[in-house]
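Student: I would like to learn how to read helix packing and nonpolar cores in a model. Can we work through one together?

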Amino acid sequence: MALIIKGLSKHFKNSEKATLNEINLEIKTGEFVCIAGTSGCGKSTLLNLVAGLDKPTEGEILVDGNRVTGPGADRTVMFQEHGLFPWLSVIENVKFGMKIAGMSNDVQEKRALYYLEMVHLQDYKDYPIHQISGGMRQRTALARALSMDSKVLLMDEPFSALDKQTSNMLREELQKIWMETKKTILFITHSVEEAVYLGDRVVVLSPVTGSIADIIKIDIERPRHVYATEFVNLRHQILAEVRGEAV
Amino acid sequence: MNIIFFLLVLVLFWQGFYWIGVDIFRWWKPYAVPSPAGVAERFITLLKSGTLIEAVVNSLVRGITGYFIAVIIGIIIGLLISHFNYLQKNLKPIVLGVQTLPSVCWVPFSILWFGLSANAILFVIIMGSAFSIAISVDNAIKNIQPIYIKAALTMGANKKQMYTNVIFPASLPELVSGLKQGWSFAWRALMAGEVMTTSTGLGQTLIMGRDLADINQVMLVMVVIVVVGIIIDKFIFSVVENRILKKRGLA
Ligand SMILES: Nc1ncnc2c1ncn2[C@@H]1O[C@H](COP(=O)(O)OP(=O)(O)OP(=O)(O)O)[C@@H](O)[C@H]1O
Ligand SMILES: [Mg+2]
């Protein structure tokens, strides 16, 4: 198991009830798991806990058997807002994590170029961040996250700040990249369509109880197509579950 | 170019007023009103005798020395305040309070400690600017977008790497404007110190003008103080500031 979440609860001091309640989840190495749920149900809270950016009230998180006590490079996060550094160029941003990890300049350069090519940004590698589009920024952030080669890649609605078209294009690319690299990914989204499109499993969080309402296995062959009957049916089923839990 | 034309017109008006008010109607005494011609005359005399250059150089060297010491002290205090919660709560309010003291208030203290020496002036400069620099350092760090810190944390940055690779570059634009403001405080403090003590410099030249009842010299020195201040601001700080902002697409 790459990631084990055991009896995880989070109760913020100033809120009446626990945001997360007894979450149990195991993610296999190479698995793509999506967390879906309505706005405010605690998706980001869960991701922050796994990232080590916040501490759980109860329970624990294990990554390859090691207990999470704080943030670390084995759990790189890709945020909704790109979080790129405006004082660095595209390629320097991609190299950042590798530099922190103390890799040699040659390795940094080679790997950065490899991942920039994967997200089709090799021609923009020396651009400053403010001169590339929002979609390109998220691609840069994706390349940066991939280049860390962490045990688990955490993504918090990475495409939701983009327009629909760009967002669809990026998720298609992410599917392709995942098929090539088989990274372990915990992906958070409010879009059921996105979850069904990307995930091996979709975990539905309930905003009422703060626990897992259902886990649905997605047995559709990749590459997936959003108009396939199988896809549409599954999407409707999960959407009903998400909505049903919301009332 | 526009501004030069504007200044020229301004000087012409000034000379015109002098001519009307002093030469024609004799409303004002000549020793009470500076004139462009008089200032220019003093300028040439003091330039030829070397007094002016010496004063500017002395003041600049003193100002820059004091400023550098203040920058070092200010950055250290600022980093400490921003890093340790305890100091943030307890020391920062004091620094904030002391920072509001006009630098001239440090002069009596300084003279009691160092006499009428150059060190007395350095002390005034340091006290007059270090605390404002400390506060800007703390603010600059506080205003860093949290996502930069979070991103670096999840890429495994330790404390030292965080400071060198994120906190420093992220706060740089604000840091530079804080340093720029620190310089303007240092420059003012320098004048406060020089006016009160006896070391040669612009402040002393100004006081000499007063003692000689030479209003043109007084005016000249004031103009020189303004010009030197502007030159340093425009040709050093603003240049650096603009380059940083441009690189990040903020200007
Ligand atoms: N630091 C905090 N302090 C107190 N309450 C918090 C804090 N962070 C989140 N919450 C609360 O926890 C709940 C879940 O927030 P969270 O950000 O995890 O939701 P989300 O599922 O990610 O929503 P969205 O889809 O809008 O991003 C919200 O009710 C929020 O008010
Ligand atoms: Mg969220």
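Tutor: We take a helix pair, then a residue, then the cores. Keep in mind that this is a predicted model.

Student: How do H2(A) and H3(A) cross?

Tutor: Start with the axes. Helix H2 (residues 90–100) and helix H3 (residues 105–118) of chain A have axes that come within 9 Å and cross at roughly 125°. H2(A) is therefore oblique to H3(A). The crossing is right-handed.

Student: Which residues in H2(A) and H3(A) meet?

Tutor: From H2(A) come A:Val90, A:Ile91, A:Val94, A:Lys95, A:Met98 and A:Lys99. H3(A) brings A:Gln108, A:Glu109, A:Arg111, A:Ala112, A:Leu113 and A:Leu116. By class, this contact has seven nonpolar residues, one polar and four charged.

Student: Is A:Phe96 buried or exposed?

Tutor: Buried means under 20% relative accessible area. A:Phe96 has 4%, so it is buried. This residue lies in helix H2 of chain A.

Student: What does A:Phe96 touch, leaving out residues up to four places away in sequence?

Tutor: In chain A, A:Phe85 and A:Leu88. In chain B, B:Ala152, B:Met155, B:Asn165 and B:Val166.

Student: Which residues have the most contacts inside the largest nonpolar core?

Tutor: A:Leu3, A:Phe85 and B:Leu202, in a core of 77 residues. Helix H8 (residues 159–196) of chain B gives this core its largest share, eleven residues. Another core, of 49 residues, lies apart from it; A:Val119, A:Leu121, A:Ile132 and A:Ile238 are among its members.

Student: What is B:Leu202 in contact with, beyond four places in sequence?

Tutor: Its contacts include B:Ala55, B:Val56, B:Trp187, B:Met191 and B:Ile225. B:Ser59 and B:Glu194 are also among them.

Conventions. Residues numbered from 1 in each chain as written. Chains lettered and ligands numbered in written order. Predicted model: local features only at pLDDT ≥ 70, side-chain atom pairs only at ≥ 80, totals over all residues. Heavy atoms only, no water. Core = buried A, V, L, I, M, F, W, Y, C linked by side-chain atoms within 4.5 Å. Buried < 20%, exposed > 50% of the residue type's maximum accessible area, 1.4 Å probe, protein only. Helix = DSSP H or I, 4+ residues; strand = E, 2+ residues; numbered from the N terminus. Contact = heavy atoms within 4.5 Å. Axes fitted to C-alpha atoms, helices over the stretch in contact; angles between N-to-C directions. Parallel < 35°, antiparallel > 145°, perpendicular 65-115°, else oblique. Left-handed = near helix turned anticlockwise from the far one by under 90°. Nonpolar A, V, L, I, M, F, W, Y, C, P; charged D, E, K, R; others polar.
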